[in-house]
Amino acid sequence: MHTRYERDFITQALIRADLKDGTAPIMAQLGEGVLAALEDYPQRGAANRSKTEVRIQKTPQGPVKDTRTINFIEHSFFTADKTGQAAVSSDHIYVATRRYEGYAPLRDQFLELMDAVTALYPGLRVRRLGMRYINEIKLPEADAGPGLGADFWQRYVNPLLLGGLRFAANDGALARHMCTTELNYGTDRATIRYGIFNSEYPKPNRRREFILDVDTFCLADLAPAGLEAKLDDYHKAACQVFEAAVTDALRDRMGRA
């Protein structure tokens, strides 16, 4: 997650803005400026999407549930090798990568795309801004040591995150153990998911793979001009979470500068 490491375990990084309804009425055609901002994503397509919103309204007769379906067109873009993806719609804008090359390129691509859309719709507003890093810490190397349970992972992961693994013991029966911690700082939030996911679930886990999924976001009415500062703060927070979650032994395997 940090450039001072020669190796990282990031399998997906994503920045996403959910847009306030009606502020960017993107339809079937995108402006040339938006397409220019996505020139590194040559594989393109569009699809009809929908979302359902449920609101509870107070009436003299009691609460009434109001449900509505919103339809929109999502324009999707992919890099030639399919490791990078972007999407533009009246509902959301995001960029994502499965080949992480640092925070700055990802941030700059997102902000360039936001600037291009904002040039078409100056009244654009963001109702949710988020940044997510998924780390899959994979240590299949023989010199990493034997074992699958807490006794193995305590060398590489903060022992405070391993209580559930110790509770499950280490008899080879563990199929999955994922935990969630949510932090609420008002409009700024963080959701941290961590543990053994096991892609072969419900079979017992047989792989040395530990997930650390850090999702930082805010729920607020934001103007595009304020997004960069928010993202910088979220990246710093995500790095702090990662550093607190791992040990020096893992940093050594990642190649500390």
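**Loop residues, strand positions and pockets of a predicted chain**

Asn198 is placed in the loop between S8 and S9, where helices (H or I, at least four residues) and strands (E, at least two) are DSSP runs numbered from the N terminus. Residues are numbered from 1 along each chain as its sequence is written, and side-chain values use heavy atoms, with hydrogens and water left out. The model is predicted, and for that reason local features need pLDDT of at least 70 and side-chain atom pairs count only at pLDDT 80 or more, whereas totals for chains, interfaces and linings use all residues.

The phi angle of Asn198 is near 65 degrees, a positive value in a residue other than glycine. Asn198 counts as buried because its relative accessibility is 7%, the classes being buried under 20% relative accessible area, exposed over 50% and partly exposed in between (1.4 Å probe, protein chains only). The loop between S8 and strand S9 (209–222) also holds Pro202, and the peptide bond leading from Tyr201 to Pro202 is cis, with omega near 15 degrees. A positive phi near 65 degrees is found as well in Lys82, again a residue other than glycine. Lys82 is located in the loop between S3 and S4 and, with a relative accessibility of 41%, counts as partly exposed.

Over the chain as a whole, six helices and nine strands are assigned. The C-alpha atoms fill a box of roughly 55 × 55 × 35 Å, taken along the principal axes. Of the 257 residues in the chain, 44% are buried. The accessible surface comes to about 13600 Å², of which carbon and sulfur atoms hold 51%; accessible areas come from the Shrake-Rupley method with a 1.4 Å probe, and for residues only the protein chains shown count as cover. Among contacts between residues at least 6 apart in sequence, 66% join residues at least 24 apart, a contact meaning heavy atoms within 4.5 Å.

Thr79 lies in the loop between strand S3 (62–78) and strand S4 (84–88). Thr79 is classed as buried because its relative accessible area is 15%. The side chains of Thr79 and Asp81 are joined by a polar contact of 2.8 Å, that is, a pair of N or O atoms within 3.5 Å; within protein, one must be able to donate a hydrogen and the other to accept it, and residues adjacent in sequence count only if both atoms are side-chain atoms. A polar atom of the Thr79 side chain also lies 2.9 Å from the backbone nitrogen of Gly84. When residues up to four places away in sequence are not counted, Thr79 touches Asp40, Tyr41, Pro42, Gln43 and Gly84.

Within strand S3 itself lies Glu74, which is buried at 8% relative accessibility. A polar contact of 3.5 Å links the side chains of Glu74 and Ser76. Beyond its neighbours within four places in sequence, Glu74 is in contact with residues including Gly45, Arg49, Ala87, His92 and Tyr94. Asp8, by comparison, is situated in the segment before strand S1 (10–19) and is partly exposed at 29% relative accessibility. A polar atom of the Asp8 side chain lies 3.0 Å from the backbone nitrogen of Ile10.

The largest pocket has a volume of about 320 Å³. On a 1 Å grid over the protein atoms alone, a pocket is an open set of points where a 1.4 Å probe fits, with protein on both sides within 12 Å along at least five of seven lines, and lining residues have an atom within 4 Å of a point. Grid points are joined across faces, edges and corners, and a volume is the space filled by probe spheres set on the points. Of the 16 residues that line the largest pocket, Tyr41, Thr79, Thr97, Arg99 and Glu101 lie nearest its centre. Strand S5 (92–97) and helix H2 (103–120) each supply at least two residues of this lining. The lining of the largest pocket divides into six nonpolar, six polar and four charged residues, with Ala, Val, Leu, Ile, Met, Phe, Trp, Tyr, Cys and Pro counted as nonpolar, Asp, Glu, Lys and Arg as charged, and the others, Gly among them, as polar.

The second largest pocket holds about 200 Å³ of space. Strand S7 (177–185), strand S8 (188–196) and helix H5 (227–245) each supply at least two residues of its lining, and the largest share, six residues, comes from H5. Among the lining residues of the second largest pocket are Leu183, Tyr185, Arg189, Lys230 and Tyr234. By class, this lining has six nonpolar, two polar and four charged residues.
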